[in-house]
2 protein chains.
Amino acid sequence: MSVRISQQARAVLAVLAERRCHLTAEEVLASMESIGTATVYRALDHLTEIGLVRRLALGKKSAVYEYIRDSHLHFVCNRCGAVHDIQTDMTGMIREAAKCCGHEVEWAEVTAHGLCKDCRAVWDEIPAQESVQ
Amino acid sequence: MSVRISQQARAVLAVLAERRCHLTAEEVLASMESIGTATVYRALDHLTEIGLVRRLALGKKSAVYEYIRDSHLHFVCNRCGAVHDIQTDMTGMIREAAKCCGHEVEWAEVTAHGLCKDCRAVWDEIPAQESVQ
DNA sequence: AATGAACTGAGAACGATTATCATATAGTCA
DNA sequence: TGACTATATGATAATCGTTCTCAGTTCATT
């Protein structure tokens, strides 16, 4: 595993670093011009391997990638699908819990599912009713 | 969304409940006889919707499902791919953190990645060396 | 320039999941 | 029970994210 970063991989990294959010491979592809699909996937793989980028499984169809900066957890809204970052670091606690079982944590992914702030607001506006068919 | 459970869905649930582990749709399919692929996926979807089963994104190619019992986190080994349960409940903490941002957590998924107990043991036996090509 | 290693991208291939649809089953009411 | 309707089933096709293949290109080194 080489730590060198090719031109294209650097461009992919730039997209993730600038946007500072969670992008699918397709979204990265869409926000770049003249780059092949395979190249984007390869770049994301490589960046993940060398630890500059994290591949997240947020329960959606496709994987999402984010540039690694600080430790935070992800909140995925059940209704609108939006992903929000929540600045909290639980790595230490998770590491301790795993240590008790003999496992060594490299990194941890915390994903919360529920109703986001915006959707809660919308929800409150709508009068309660049985689902109409 | 109906809460009724069909015969086949009940059978799928039984598999998950008995095995008490994380199974892919394909694994469920393989451990049953005379059931169609679509039916397994539909059953898993339905069971997930009515809250008896949880669909987990552990970062593997396919989703895994588990029968919901207690709250625990998942440890996925980078080397052997095994999934271990770790009995710890962080839901309260995660819920609080999300609450601060206005989000309402329904459930949370904690996945730790690293080297599992068994693989650490193997690792320790092998003398350190540069990767030979 | 010459050599070989690594990178690229178009398109094929793959694999997990979902959609389709004709048939079968379950549920309901007369 | 029989008739009728809604729902479930499963074989198969279709979809879609991702990976593979391979010929051509770029890069690094000499």
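The model described here is predicted. Sugar or phosphate makes up 62% of the atoms of DNA strand C within 4 Å of the protein, and bases make up the rest. In chain A, an N or O atom in the side chain of Thr39(A) is 2.7 Å from a phosphate oxygen of DNA strand C. In chain B, the side chain of Arg4(B) places an N or O atom 3.1 Å from a phosphate oxygen of DNA strand C. The elements that give two or more residues to the surface near DNA strand C are H3 of chain A and H3 of chain B. By class, the residues of this surface comprise 5 nonpolar, 6 polar and 3 charged.

Of the atoms of DNA strand D that come within 4 Å of the protein, 66% belong to sugar and phosphate. Two side chains of chain B come to the phosphates here. An N or O atom in the side chain of Gln8(B) is 2.9 Å from a phosphate oxygen of DNA strand D, and the side chain of Thr39(B) likewise has an N or O atom 2.9 Å from a phosphate oxygen of DNA strand D. A backbone contact is found at Gly36(B), where an N or O atom lies 3.3 Å from a phosphate oxygen of DNA strand D. Helix H3 (37-49) of chain A and helix H3 (37-49) of chain B each supply at least two residues of the surface near DNA strand D. That surface holds 6 nonpolar, 6 polar and 3 charged residues.

The two protein chains also meet each other. In this interface, 31 residues of chain A are in contact with 31 residues of chain B. About 2,700 Å² is buried between chain A and chain B, and carbon and sulfur atoms carry 62% of it. Of the area that chain A buries against chain B, 21% comes from His103(A), Glu104(A) and His113(A), more than from any other three residues.

Polar contacts link 18 residue pairs between chain A and chain B, counting pairs with both residues at pLDDT 80 or more. Several elements of chain A give two or more residues to the side that touches chain B: strand S4 (73-77), strand S5 (83-86), helix H4 (91-99), strand S6 (104-115) and helix H5 (117-125). The largest share of this side, 12 residues, is supplied by S6(A). The side of chain A that touches chain B consists of 17 nonpolar, 9 polar and 5 charged residues.

Charged side chains were considered next. Side chains of opposite charge can pair when their charged atoms come close. Over all chains the structure holds 6 salt bridges, and 2 salt bridges are found across the interface of chain A and chain B. Glu104(B) and Arg120(A) form a salt bridge through their side chains, at 3.3 Å from N to O. Another salt bridge joins the side chains of Glu104(A) and Arg120(B), also at 3.3 Å from N to O. This pair crosses between chains, with Glu104(A) in strand S6 of chain A and Arg120(B) in helix H5 (residues 117-125) of chain B.

A further sheet lies in chain B. It is an open sheet of 3 strands in the order S1-S3-S2, with antiparallel pairing. Strand S1 (23-24) and strand S2 (53-56) of chain B are the edge strands, each pairing on one side only. Strand S1(B) is joined by 2 bridges to strand S3 (residues 64-67) of chain B, and these strands run antiparallel. Leu23(B) stands opposite Tyr65(B), a residue of S3(B).

Terms used. Residues numbered from 1 in each chain as written. Chains lettered and ligands numbered in written order. Predicted model: local features only at pLDDT ≥ 70, side-chain atom pairs only at ≥ 80, totals over all residues. Heavy atoms only, no water. Near = heavy atom within 4 Å. Polar contact = N/O pair within 3.5 Å; in protein donor to acceptor, adjacent residues only side chain to side chain. Helix = DSSP H or I, 4+ residues; strand = E, 2+ residues; numbered from the N terminus. Nonpolar A, V, L, I, M, F, W, Y, C, P; charged D, E, K, R; others polar. Contact = heavy atoms within 4.5 Å. Buried area = accessible area lost by both parts, 1.4 Å probe. Salt bridge = Lys/Arg side-chain N within 4 Å of Asp/Glu carboxyl O. Pairing = 2+ DSSP bridges.
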